[in-house]
Amino acid sequence: MDQIVIRGGQRLKGRIPISGAKNAALTLLPCALLTDEPLTLRNLPRLADVDGFGHLLNQLGCSTTIEGSRPEDFGRVMTARATTLTSTVAPYDIVRKMRASILVLGPLLARAGEATVSLPGGCAIGNRPIDLHLKALEAFGAEIELASGYVKAVAPGGRLKGGKFTFPVVSVGATENAVMAAVLAKGTCILENAAREPEIVDLCNCLVAMGASIDGIGTETLTIEGVDRLHGATYRVMADRIEAGSYACAAVITEGDVELVGAQANEMDATLAALRQAGATVEETKTGIRVAMSGRAEPVTLSTAPYPGFATDMQAQFMAMATLGSGASLFTETIFENRYMHVPELARMGCDIDVRGRSAVVRGVDHLVGAPVMATDLRASMSLIIAGLAAQGQTEVNRVYHLDRGYERLEEKLQSVGADIERISAG
Ligand code: UD1
């Protein structure tokens, strides 16, 4: 298996291009199932999960063509066309490898009146149930059965209908599934306490470009007037705010100065506030966001929350940054029950972190020492890269496939701003 090797201590300086957002791409791709016309997505990141989603679409009868697939191209263009669906089943083998596969449930149900999707099961960062996805679909008339590890959903009469659902807790995935199901319903569907993440705004904007009628985009109440059919569209995937935030943490921990080219400051308020809390200089530029730091990071107090709060997807990276801070930082994880899996690995590099239930106290140390490490999920892996960039000596990050799911050309981007980092291929 590939390994990433970092020799720490280089100050990052320069410009890093920010890719299209993974989490937006994975909810925009299933929109192709909602129409028989082509959906063209631009600025798609080159990531294992995007390719995996393309294969899932192919299995359902949706053709996909990719342009810009030369190694030197950033931002690919994919055209997906589901002229007719040949299957409405998302099998276990695909769903277990890629949780986002659950996002075909709403669109299949809306277009074909039925869907059979494997239950995704638990994963490294907690239980991650899908009950709210199912309850929202039931509110729009779906009949749902769970059998042999599969969700089987049917829309009586072949079409979902208007209804209202209030989410008891904010769920990004369930909001996405519900919106994609509602756009072709007969009648008006209302979602209350819906997630407001920028990726949901991106999804709604794409659906509107396809002819959907959605009111309240970006707010917690979405009112969707079902239409009889959607048409094709061309849509550009938003910039990856989590990738941008991750490189910002890398800039701070190395006392660097980087411009995150293409990053959108208005979608990153909580992350930028947290960087300022740490003492970084953060400013909008014509082409992105500049993050610069001199000296050790100030301690931070951060609690994860649904958007516009501080993202759970940024917690591990800020924690890595705080390990070399000038005092004690406090983290509270409110979204997932088991999202401190990076802590034992960071400890192997010499950091001082005390986890108590959902909270963690990080006491800044004078230096980290490189070590062989591995992580169990994507953002945790990134936290080890960030720590490795500032550690003394060599850090070897294993299980690189996690990073390949979410960071396009990580080592290339970091090398271009001065990091001593390389991928060792297993051959
Ligand atoms: C979550 C994050 C998202 C992040 C992603 C990957 C939030 C609100 N969501 O999205 O920003 O990109 O992880 O790390 O920060 N829940 C249920 N039943 C359900 C669905 C969810 O109880 O059917 C609960 C979850 O257990 C969790 C909370 O709701 O405690 C939020 O989960 P949800 O937003 O659905 O997770 P993701 O869509 O994976």
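Helix H5 (131–139) and helix H6 (172–182) each supply at least two residues of the shell around the ligand. Helices here are DSSP runs of H or I with at least four residues, strands are E runs of at least two, and both are numbered from the N terminus. H5 gives the most to this shell, with 3 residues. This is a predicted model: local features need pLDDT of at least 70, side-chain atom pairs count only at pLDDT 80 or more, and totals for chains, interfaces and linings use all residues. Residues are numbered from 1 along each chain as its sequence is written, and side-chain values use heavy atoms, with hydrogens and water left out.

**The ligand and its shell**

- The ligand is surrounded by 18 residues. A residue counts as near if one of its heavy atoms lies within 4 Å of the molecule.
- The closest are Arg128, Asp131, Ser171, Asp313 and Ile335.
- By class, the shell has 8 nonpolar, 5 polar and 5 charged residues. Ala, Val, Leu, Ile, Met, Phe, Trp, Tyr, Cys and Pro count as nonpolar, Asp, Glu, Lys and Arg as charged, and the others, Gly among them, as polar.
- Domain 1 (3–18 + 239–424) and domain 2 (22–236) each give at least three residues to the shell. These bounds come from an automatic or database domain assignment.

- An N or O atom in the side chain of arginine 128 is 2.6 Å from an oxygen atom of the ligand.
- Aspartate 131 has a side-chain N or O atom 2.6 Å from a nitrogen atom of the ligand.
- At glycine 173, a polar backbone atom is 2.8 Å from an oxygen atom of the ligand.
- On its own, the ligand has 710 Å² of accessible area, and the protein covers 82% of that. Accessible areas come from the Shrake-Rupley method with a 1.4 Å probe; for residues, only the protein chains shown count as cover.

**Buried elements**

- Buried means under 20% relative accessible area, exposed over 50%, and partly exposed in between (1.4 Å probe, protein chains only).
- In helix H10 (residues 315–322), 8 of the 8 residues are buried, so H10 is largely enclosed by the rest of the structure. Among them are Gln315, Phe318 and Met321.
- Alanine 136 is found in helix H5. Alanine 136 is buried, with a relative accessible area of 0%.

**A four-strand sheet**

- Two strands pair if DSSP finds at least two bridges between them.
- An open sheet of 4 strands has the order S6-S7-S9-S8, with mixed pairing.
- S6 and strand S8 (143–147) stand at the edges with a single partner strand each, so one side of each is left without a neighbour in the sheet.
- S6 (residues 89–90) and S7 run parallel, joined by 2 bridges. Valine 89 has threonine 116 as its bridge partner in S7.
- S7 and strand S9 (residues 150–154) run antiparallel, joined by 5 bridges. Serine 118 has tyrosine 150 as its bridge partner in S9.
- In strand S7 (residues 114–118), 4 of the 5 residues are buried, so S7 is largely enclosed by the rest of the structure.

**Strand S14**

- In a regular strand the side chains alternate between the two faces of the sheet.
- Along S14 (residues 233–236), Ala233 and Tyr235 point to one face and are buried.
- Strand S3 (residues 39–44) runs parallel to S14, and 4 bridges join them.

Conventions
A polar contact is a pair of N or O atoms within 3.5 Å; within protein, one must be able to donate a hydrogen and the other to accept it, and residues adjacent in sequence count only if both atoms are side-chain atoms.
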